Amino acid sequence: MALNVKKGDNVLVIAGKDKGKTGKVLVAMPADNSVVVAGVNIIAKHKKPRNANDKGGIIKREGKINASNVMIVCPVCGKATRISHKTVDGNKIRECKKCGANLDSATTKKATTKTTEKKVETKAAKTATKATETTTTTAEKKTATKSTATKSTATAKKTATTSKATAEKTTTTKKSTTKKVESK
């Protein structure tokens, strides 16, 4: 049996304990006529540890729900809608019953516009950080180098005293082993 929902569709739950919740379809199972929706029908699975490295416990995850209990949310009109199927240029497409929008291409167009918006935002953030880095004064840089120099000399002193202490310990252990040999 074919499903009207596909992986990646945004759906609204219309029946069951999670009625009214929306989420993205993670898995569509046409053989079972069921879907797995993100954040809906949370179940607790008890997992037994199978070896020493494996951790057991109670794992919460999404369970499957019947596909008849969900409706697709149209990305154009934003309402839960039924679907009609049409053939355009030899390809079968899904269409919104309320506004007539193509559900297969609308999701891809919306996703590409979101990714381009994110790219623009990240570029703007990068240029802003570069501008703030260039405005730092040389006095701040000198202060930073002085503080790192004092920190490095302090760590050098600590390592020198630590190495002396370890050298003394090794010599004492050698003496004690030779004494044990002489006593035998």
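**Figure 1. Isoleucine 72 stands opposite threonine 81 of strand 8 in this predicted model.** Strand 7 and strand 8 pair in the antiparallel sense over two bridges, where pairing requires that DSSP finds at least two bridges between two strands. Strands are DSSP runs of E with at least two residues, helices are runs of H or I with at least four residues, and both are numbered from the N terminus. The two strands form a hairpin with six residues between them. In the turn of this hairpin, glycine 78 has a positive phi of about 75°. Residues are numbered from 1 along each chain as its sequence is written, and side-chain values use heavy atoms, with hydrogens and water left out. As the model is predicted, local features need pLDDT of at least 70 and side-chain atom pairs count only at pLDDT 80 or more, whereas totals for chains, interfaces and linings use all residues.

Figure 2. Leucine 12 stands opposite methionine 71, and valine 13 stands opposite valine 70.

**Figure 3. Strand 2 and strand 3 form a hairpin with four residues between the strands.** Four bridges join these two antiparallel strands, and methionine 29 stands opposite serine 34 in strand 3. Asparagine 33 is found in the loop between strand 2 (22–29) and strand 3 (34–37). The phi of asparagine 33 is near 55°, a positive value in a residue other than glycine.

**Figure 4. Strand 3 has buried residues pointing both ways.** Which residues of strand 3 point one way, and which the other way? Ser34 and Val36 point one way, Val35 and Val37 point the other way, and all are buried. Buried means under 20% relative accessible area, exposed means over 50%, and partly exposed lies in between (1.4 Å probe, protein chains only). In a regular strand the side chains alternate between the two faces of the sheet. Strand 3 also pairs with strand 6 in the antiparallel sense over three bridges. Here valine 35 stands opposite isoleucine 65 of strand 6.

Figure 5. Serine 84 counts as buried because its relative accessibility is 15%. Leaving aside neighbours within four places in sequence, serine 84 is in contact (heavy atoms within 4.5 Å) with Ile93, Arg94, Glu95 and Lys97. Aspartate 89 is exposed, with a relative accessible area of 77%. Although aspartate 89 is not a glycine, it has a positive phi of about 55°.

**Figure 6. Arginine 82 is found in the loop between strand 8 and strand 9.** Is arginine 82 buried or exposed? Arginine 82 counts as exposed because its relative accessible area is 57%. Not counting residues up to four places away in sequence, arginine 82 touches Met71, Glu95, Cys96 and Lys97. The C-alpha atoms of arginine 82 and valine 70 are separated by 9.9 Å, and these two residues are twelve residues apart along the chain.

**Figure 7. The second largest pocket is lined by 14 residues.** Asn4, Val5, Ala67, Ser68 and Val70 lie nearest the centre of this pocket. The largest share of the lining, three residues, comes from strand 7. The lining divides into nine nonpolar, four polar and one charged residue; Ala, Val, Leu, Ile, Met, Phe, Trp, Tyr, Cys and Pro count as nonpolar, Asp, Glu, Lys and Arg as charged, and the others, Gly among them, as polar. About 290 Å³ of space lies in this pocket, a volume being the space filled by probe spheres set on grid points, which are joined across faces, edges and corners. A pocket is an open set of points on a 1 Å grid over the protein atoms alone, where a 1.4 Å probe fits, with protein on both sides within 12 Å along at least five of seven lines; lining residues have an atom within 4 Å of a point.
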